[in-house]
Amino acid sequence: MKILVTGAGGMLGSDLVKALRPHFDVIGAGRRDAPPHLTDLRYWKIDLTDPESIARLCAAEKPRLIFHTAGMTQVDLCELDRTAALRGNLEATKNVVAASNRSRSTLIFFSTDYIFDGKKRGEYTEDDPAAPRNVYGESKLLAEKYIQQTAGKFLIFRISWLYGLHGASFPRTLLERAKTERKFKIVSDQTGRPTYTADLANFFLDVLSANENALERLGNQTFHWANEGIASWAEFGSFILSLQYGNAVSVEFVSSREVPRPARRPQNSILSLRKMKGVFGFEPRHWQEAAGDFFQEYRQFNPIQKDIPS
Ligand SMILES: NC(=O)c1ccc[n+]([C@@H]2O[C@H](COP(=O)([O-])OP(=O)(O)OC[C@H]3O[C@@H](n4cnc5c(N)ncnc54)[C@H](OP(=O)(O)O)[C@@H]3O)[C@@H](O)[C@H]2O)c1
């Protein structure tokens, strides 16, 4: 089965390629040269905001599945440049939809917990009304709606608080900063489900290994996917830092008002996993176990100094 991964060099794209490549005919696409970990992958260097290039790719390769991970993912940059956010998340997706429809592929789109306003008490289900608080969430929601109206065959997976080995993420940034800092202020009034990209990629491998048609036969649907368990950013950050530094680093739990950012974030980002578990019979592991594995892998490639400056 031929599978195209857009944003193949990104955080989720890299782990999807890694998981699926040994078992399927995987092609990558991205706008930069293929990074070193993808050099032996069949890779198209294209910008998805150009409709012709993705159309050419799909016409030539006719992938059965397209994992569309590419997008403008820097939430604060999106807030500062709405035009770029809409181009990267909506216009690019429109082009992927058009190409996917022509090649009769099934499009798997990755959306976000940030389409919700975060005011609900309790978990967000797939049917809860969306009301994004920031431009990033708005641009992803517009892409979702476009897909629902226009794509022939699609699945939407809303995911949250991603981190992985390839790309910038909250735990990586903290571990880098901890090389020179010992005191952190991290927000404790936003709660969600930290999600390891390798776990999400391995979920797709499990599903497709059991049955190549498993995703296509579901019909057009939206799912939430995340690791089990919940945390605030402060709890997540403390956990990651404690793996390396024990109690030697201090984390002050603060409100988001104390750490202003250009984009507002929802306070409650907790995605319900019930539908996904029921349909796929899959139980994601707890985020702490996943974060522990991430940390071990991260440390192999990024030796971290044991002693931090006082
Ligand atoms: N990160 C999160 O916490 C999070 C949470 C929920 C949902 N999501 C969604 O999950 C997906 C994967 O996220 P991620 O964090 O893995 O993303 P990422 O690391 O930022 O990777 C995205 C990749 O897409 C590429 N790309 C962007 N625009 C492109 C274009 N116009 N043409 C071709 N390639 C393009 C990027 O290339 P450049 O390096 O050149 O920019 C990058 O390699 C995204 O759709 C995101 O919205 C992410």
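Biologist: Which residue stands opposite Phe-109 in S6?
Modeller: This is a predicted model, in which local features need pLDDT of at least 70 and side-chain atom pairs count only at pLDDT 80 or more, while totals for chains, interfaces and linings use all residues. Residues are numbered from 1 along each chain as its sequence is written. In S6, the residue opposite Phe-109 is Ile-156.

Biologist: What is the bridge partner of Ile-66 in S5?
Modeller: Strand S4 (residues 65–68) also pairs with S5 in the parallel sense, over 4 bridges. Within S5, the partner of Ile-66 is Leu-107.

Biologist: How many residues of S5 are buried?
Modeller: In a regular strand the side chains alternate between the two faces of the sheet. Thr-106, Ile-108, Phe-110 and Thr-112 point one way from S5, and Leu-107, Phe-109 and Ser-111 the other way. Buried means 20 or more other C-beta atoms, placed from the backbone, within 10 Å of a residue's own. S5 is largely enclosed by the rest of the structure because the buried count is 7 of the 7 residues.

Biologist: Is Leu-12 buried or exposed?
Modeller: Leu-12 is in helix H1, and beyond its neighbours within four places in sequence its contacts (C-beta atoms, placed from the backbone, within 7 Å) include Phe-110 and Thr-197. With 25 other C-beta atoms within 10 Å, Leu-12 is buried.

Technical notes. Helices (H or I, at least four residues) and strands (E, at least two) are DSSP runs, numbered from the N terminus. A residue is buried if 20 or more other C-beta atoms lie within 10 Å of its own, exposed if 12 or fewer, and partly exposed in between; C-beta atoms are placed from the backbone. Two residues are in contact if their C-beta atoms, placed from the backbone, lie within 7 Å. Two strands pair if DSSP finds at least two bridges between them.
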